[in-house]
Number of protein chains: 2
Amino acid sequence: MKTLNIDLGDRSYPIHIGSGLLGQDLIERHLRGPQVMVVTNEVVAPLYLDQVMEGLGAEQKSSLILPDGEQHKNLATVEQIFDALLRHRFGRTATLVALGGGVVGDIVGFAAACYQRGIPFIQIPTTLLAQVDSSVGGKTGVNHPLGKNMIGAFYQPQAVIADIDVLNSLPERELKAGIAEVIKYGLIRDESFFRWLEEHIESLLDRRSDELVSAIETSCRNKAEVVARDERESGLRAILNFGHTFAHAIETGMGYGCYLHGEAVAIGMCQAADLSRRLGLLNPAEAERVVALIERSSLPIIPPEALDTERFLALMAVDKKNVDGALRVILLETIGRATLPRTVPLETLRATLDEYGRESA
Amino acid sequence: MKTLNIDLGDRSYPIHIGSGLLGQDLIERHLRGPQVMVVTNEVVAPLYLDQVMEGLGAEQKSSLILPDGEQHKNLATVEQIFDALLRHRFGRTATLVALGGGVVGDIVGFAAACYQRGIPFIQIPTTLLAQVDSSVGGKTGVNHPLGKNMIGAFYQPQAVIADIDVLNSLPERELKAGIAEVIKYGLIRDESFFRWLEEHIESLLDRRSDELVSAIETSCRNKAEVVARDERESGLRAILNFGHTFAHAIETGMGYGCYLHGEAVAIGMCQAADLSRRLGLLNPAEAERVVALIERSSLPIIPPEALDTERFLALMAVDKKNVDGALRVILLETIGRATLPRTVPLETLRATLDEYGRESA
């Protein structure tokens, strides 16, 4: 087991990464009182809930199974958790355990942030995306019909337990969606990691343990270094949203659940690379390497035809990363170095939206 | 105008206290962007909303009027604010202004804490209770059918503007409810302030400006000193809840809205003083002074007959201040010195619940 410490002063916490972690007493180590509620969803519950519950020595333990899917990532589901906690008379030292992917982690983390103004929570991410993304950064929250993640809080877990064994039950499509975010870390700040990925992408797709542990650790370390310098997303941290302004537009425009988040990010990164090239930042050969690695991961690289340029622009305007309504996009200078969000000329953005993917499609 | 600085590191903020403050440009000074939404309720709106909106030079200003009353202090009302912010496409630098009493402040502060994971907010408390209580401490949140303030966040405002002129429109009953919390500060940590109150209580009830400014300033300073040492309520801060374990039971048991919060606190402080006396902490003469000052403020001192001892105990057991289900109460050692929460013998607590108020009633 490798343990990566996320250094955030009095909100620091460890990420444990390895094989066979669910069978250990890792949860126990991080409890603050005798009450524990494990929250998961109907897909993950049959696979891992019994194992987690049996391993728990807590005096008062209970579980809650949420419906699966991004369409349930809303305040109504958060209220279900509040109801369950109150029915059990759980107090301020109770611990919530989020057992599931990013959606479960986001919902449960937000419930923990708000229940009695904040109770401890532990994350057990069961998707690659959640292990490399929501493990670090403290972002929690739910969607609103008018936009993704519009309601939420910055709230840090007590610990993250990333057991790579759970990835064996992950559908192929979700594994690849996680790889999209892994590639992102290489693109925005770690050129040598990007090269490592170009060499090892097939091993990752084959779920080889050593490569998975390495990729998760390097991804989390990269994210942690960014977050440590900018916990509340006032500056540098924005680079983590590389590709996401496009991706959020795709997810909102096509309806939550049509594209997996990582798939939308894969397309968004290709669009952002194209925009960077058009603006004279990224050289054409590097832009091709970006698309090539994403394509080798069997991830989508072309935006959905249903979203024409005007619709895309309208959807991007409500993205919360856009300060005061101006359209700002994170660009690439080279592979391994992203810019802070920049206001881009509308005509260049239109060119990317009009032409990228259509030319080659 | 007096300005009290609440020192919380990078979350520090000023409380402006005085007369005629709504006519000044105090809001403007604390904005971070061009978007402002003033949220108030249907009782306060006709009195002060126009004045506040006209004084605002912000480019994009709007207002939202909530229904009045604690029964609307719930997640559904918070969602109304999210809906309004999103309809206006307000971004992360938008500022929410809470114009109203404690309920409005709690709801709007929580909405600010959660909208896009936190946007700035400014409080303009329009009741004495809100000026001396919710102005300091960063507690925000809403109720759940199973308990008060069960859902919330610690979140600090950019500034508080406590204009004593607004107290002229405050109903008598609400003024007195605010005085209950003012008395609390004397009881828990400021014996000389308690003596000052014994001398000036009639002037306060007459709403004399100098006495109001003094009482608000001393109350806020006392609360600020406690909060600065314990922002997230892990220890010392508990003394601010003196009388509140009883009060929450009264409010929940009688239904929100039957007793004003300050009225329930007034009764709760009398019960806590009685319990302190029975436990040999507070001497009987001081216990009488506690009840006497509260009574001179025409505040209730006797719990409602409808709540018998068993019902009271059941209601107290779900109060979130009780760690892991054990009954803990804040007591008085003398006037001006409260204890941290202590586990009290059940039979003594029963004696207070059985006998206090019944003997003299």
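**Exercise 1. Describe the hairpin of β1(B) and β2(B), and follow β2(B) to its other partner.**

*Solution.* Step 1. The hairpin of β1(B) and β2(B) has 6 residues between its strands, and B:Gly9 takes a positive phi near 60° there. Strands here are DSSP runs of E with at least two residues, helices are runs of H or I with at least four, and both are numbered from the N terminus. The model is a predicted one, in which local features need pLDDT of at least 70, side-chain atom pairs count only at pLDDT 80 or more, and totals for chains, interfaces and linings use all residues. Residues are numbered from 1 along each chain as its sequence is written, while chains are lettered from A and ligands numbered from 1 in the order in which they are written.

Step 1. Strand β1 of chain B (residues 2-6) pairs with β2(B) in the antiparallel sense over 5 bridges; two strands count as paired if DSSP finds at least two bridges between them. One bridge can be located by its residues: B:Thr3 has B:His16 as its partner in β2(B).

Step 2. β2(B) also pairs with strand β9 of chain B (residues 159-163), in the parallel sense and over 4 bridges. In this pairing B:Ile15 stands opposite B:Val160.

Step 3. The covered face of β2(B) (residues 13-18) carries B:Tyr13, B:Ile15 and B:Ile17. B:Pro14, B:His16 and B:Gly18 form the uncovered face.

**Exercise 2. Determine the strand order of the 7-stranded sheet in chain A and state which helices lie across its strands.**

*Solution.* Step 1. The sheet is open, with mixed pairing and the order β1-β2-β9-β6-β5-β3-β4 in chain A. Neighbouring strands are turned by 15° against each other on average, direction ignored.

Step 1. A:Lys2 has A:Ile17 as its bridge partner in β2(A).

Step 2. Helix α3 of chain A (residues 75-87) lies across β3 (35-41) and β4 of chain A, at about 155° to β4(A). Helix α4 of chain A (residues 102-114) lies across β3, β4, β5 (95-100) and β6 (121-125) of chain A, at about 170° to β5(A). Axes are lines fitted to C-alpha atoms, for helices over the stretch in contact, and angles run from 0 to 180 degrees between N-to-C directions.

**Exercise 3. Characterise the side of chain B that touches chain A.**

*Solution.* Step 1. The contact involves 32 residues of chain B and 32 residues of chain A; residues are in contact if their C-beta atoms, placed from the backbone, lie within 7 Å.

Step 1. On the chain B side, α3 (75-87), α4 (102-114), β7 (139-144) and β8 (147-154) each supply at least two residues. The largest share, 6 residues, comes from β8(B).

Step 2. By class, this side has 14 nonpolar, 11 polar and 7 charged residues. Ala, Val, Leu, Ile, Met, Phe, Trp, Tyr, Cys and Pro count as nonpolar, Asp, Glu, Lys and Arg as charged, and the others, Gly among them, as polar.

**Exercise 4. Where do B:Gln116 and B:Arg117 lie, and are they buried or exposed?**

*Solution.* Step 1. B:Gln116 lies in the loop between α4 and β6 (121-125) of chain B, and B:Arg117 is placed in the loop between α4 and β6 of chain B.

Step 1. Phi is near 50° for B:Gln116, a positive value in a residue other than glycine. For B:Arg117 phi is near 65°, again positive in a residue other than glycine. Most residues other than glycine have a negative phi.

Step 2. B:Gln116 is buried because 23 other C-beta atoms lie within 10 Å. B:Arg117 counts as buried, with 23 C-beta neighbours inside 10 Å. The cut-offs, with C-beta atoms placed from the backbone, are 20 or more other C-beta atoms within 10 Å for buried, 12 or fewer for exposed, and partly exposed in between.

Key
Two residues are in contact if their C-beta atoms, placed from the backbone, lie within 7 Å.
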